[in-house]
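Reader: I would like a close look at the pockets of this protein, and at the parts of the chain around them. Please take me through them slowly, in one connected account.

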Amino acid sequence: MSALRSRLESALASRRSRQMLRSLEPLSSSSSSSSSSSSSSHPVPLVDFSSNDYLSFSHSPLLRQKLLSSLNSPNSPSPFGPPSSRLLDGNSPSHLALEHQLSHFFAAEEGGALLFNSGFDANVGVWTCLPGPEDFILYDELVHASIHDGMRSSRVPVERRIKVKHNSLEDLEERLREIIRRDEAVEKGKKSVWIGVETLYSMDGDLCPLREMVELVERVLPRGNGHFIVDEAHSTGLYGEKGRGLVCALGLANRITIRLHTFGKAMACSGAVVLCTPLIRQYLVNYARPLIYSTVTPHMNVKAIEKSIEMLEQGHGDQPARHVHELAATLISSLSSFLTSSSSVSLPPHLLPPLYNPSSSLHRSHPPTSSIIPLLTTSPRPLSAFLRELGYLVRPITYPTVPKGMERVRVCLHARNTKEEVIGLAEGVRRWENERAERERTSRGNGGLEIRARL
């Protein structure tokens, strides 16, 4: 056996033994919204509580019709290609038109939108080249892996990349003041501090206290050298007027240096846009390697994004978004009615009723609920399998995707889900809890009989 094969097999065997092995498994259905019990002999569609298709645009006949009409238009370019980097032959009028549409829709500066092939590419491109070697980075401890990869590839040395406790205003201020004490050039505005956050976190389903964070940074760094890079991947379509995201909902568009919106979740497409100033856009065109050295997004995907944004512009996402928030409130209420401190499943503290906190600016601007509901449990794989047998597709999330001790089953809600399906899912969790409690009672009873027999 070669050294390479031995090393790879050993690494995979280690993951398998710890129940951490990832694989690509085909499913008979992962996008249906018709609930039913499943069996091996009579497979039925699973209710999708797993994908990120929050507005269910992937099932929209209207969106499909819009896209096909656009592609069949005599003036439409070939849906295939251009087979080139954008800096060579790929900078087509359709790409420029989409960027113009996106900057206008998301209330960004004219000429400040730049397309990337994926949200991962966008984060890596931005974080790799924007922060300078003398700058500092502060990042929420739960930011996406693509942000971590971008920071690691940046020119900022590791000792200047500082983790902040999740959504903690107190820790953010403490870290900022530590940086000022450490380097007076920051206080004088001669060096920048880059702050990386997400508006909606994909594992916990909680919202960033963004307005409070922006006000804090502007107060501590009044010379304007605190720069937010905000990832709106999971909030696009669900918050703000016409689904423009949390930044727009809070009226912060002109106070955020960089925004990322992705199109692979609620928009049912792929790709991402970076919203910034024309100056930053030009800088990224010259230095962002994922943009420079990648074949440009094909015309077909450009048209798909264009029509998804058009759906939002015309209000076709408003009712689906409201429905998702209503489902979230229903699920949280249903689960809270029977989950206790002794349950093997729990909700994170931010989801425990009451959901509304009058002191927070968040709840005055948009719904406090989200499309993501984590079910914290030490048995994510058995619980996921149990719910799947009942016809509900939910995924176990384990280490290293989340920290050890924070394993969960993640529920993602969609506009095609019904209230009955959500209540059925909660009832499935109740059944799991009841069966677990019964097993524990039986185990204790058997233990007591054995003790009496020995006596």
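Author: A pocket here is an open set of grid points with protein on both sides within 12 Å along at least five of seven lines, and its volume is the space filled by probe spheres set on the points. The model is predicted, and with that in mind the second largest pocket has a volume of about 530 Å³. Of the 22 residues that line the second largest pocket, L142, M203, T401, V402 and P403 are the closest to its centre. Sorted by class, the lining of the second largest pocket consists of 13 nonpolar, 4 polar and 5 charged residues.

The largest pocket, for its part, has a volume of about 800 Å³. Its lining is made of 21 residues, and those that lie nearest the centre of the largest pocket are R22, S23, R381, R395 and P396. By class, the lining of the largest pocket divides into 10 nonpolar, 5 polar and 6 charged residues.

From β12 we can turn to the loop between β12 and β13 (408–412), which is where P400 is placed. P400 is joined to Y399 by a cis peptide bond, with omega at about 15 degrees. Most peptide bonds are trans, and most residues other than glycine have a negative phi. Another cis peptide bond joins G81 and P82, where omega is about 10 degrees, and P82 is found in the loop between α2 (61–71) and α3 (93–105).

Backbone angles also draw attention to A107, a residue other than glycine whose phi is positive, near 55 degrees. A107 sits in the loop between α3 and β2 (113–116), and its relative accessible area of 44% makes A107 partly exposed. K242 likewise has a positive phi, near 60 degrees, and belongs to the loop between β6 (226–231) and α9 (246–249); with a relative accessibility of 25%, K242 counts as partly exposed.

There remains a helix pair to describe. The axes of α4 (residues 119–129) and α10 (residues 278–287) come within 10 Å and cross at roughly 100 degrees; since angles of 65 to 115 degrees count as roughly perpendicular, α4 and α10 are therefore roughly perpendicular to each other. In this contact G125, V126 and C129 of α4 meet Y283, L284 and Y287 of α10, and the residues involved are 5 nonpolar and 1 polar, with no charged residues.

Technical notes
Residues numbered from 1 in each chain as written. Predicted model: local features only at pLDDT ≥ 70, side-chain atom pairs only at ≥ 80, totals over all residues. Heavy atoms only, no water. 1 Å grid on protein atoms, 1.4 Å probe; cavity = no way out; pocket = protein on both sides within 12 Å on 5 of 7 lines; lining within 4 Å. Nonpolar A, V, L, I, M, F, W, Y, C, P; charged D, E, K, R; others polar. Axes fitted to C-alpha atoms, helices over the stretch in contact; angles between N-to-C directions. Helix = DSSP H or I, 4+ residues; strand = E, 2+ residues; numbered from the N terminus. Parallel < 35°, antiparallel > 145°, perpendicular 65-115°, else oblique. Contact = heavy atoms within 4.5 Å. Buried < 20%, exposed > 50% of the residue type's maximum accessible area, 1.4 Å probe, protein only.
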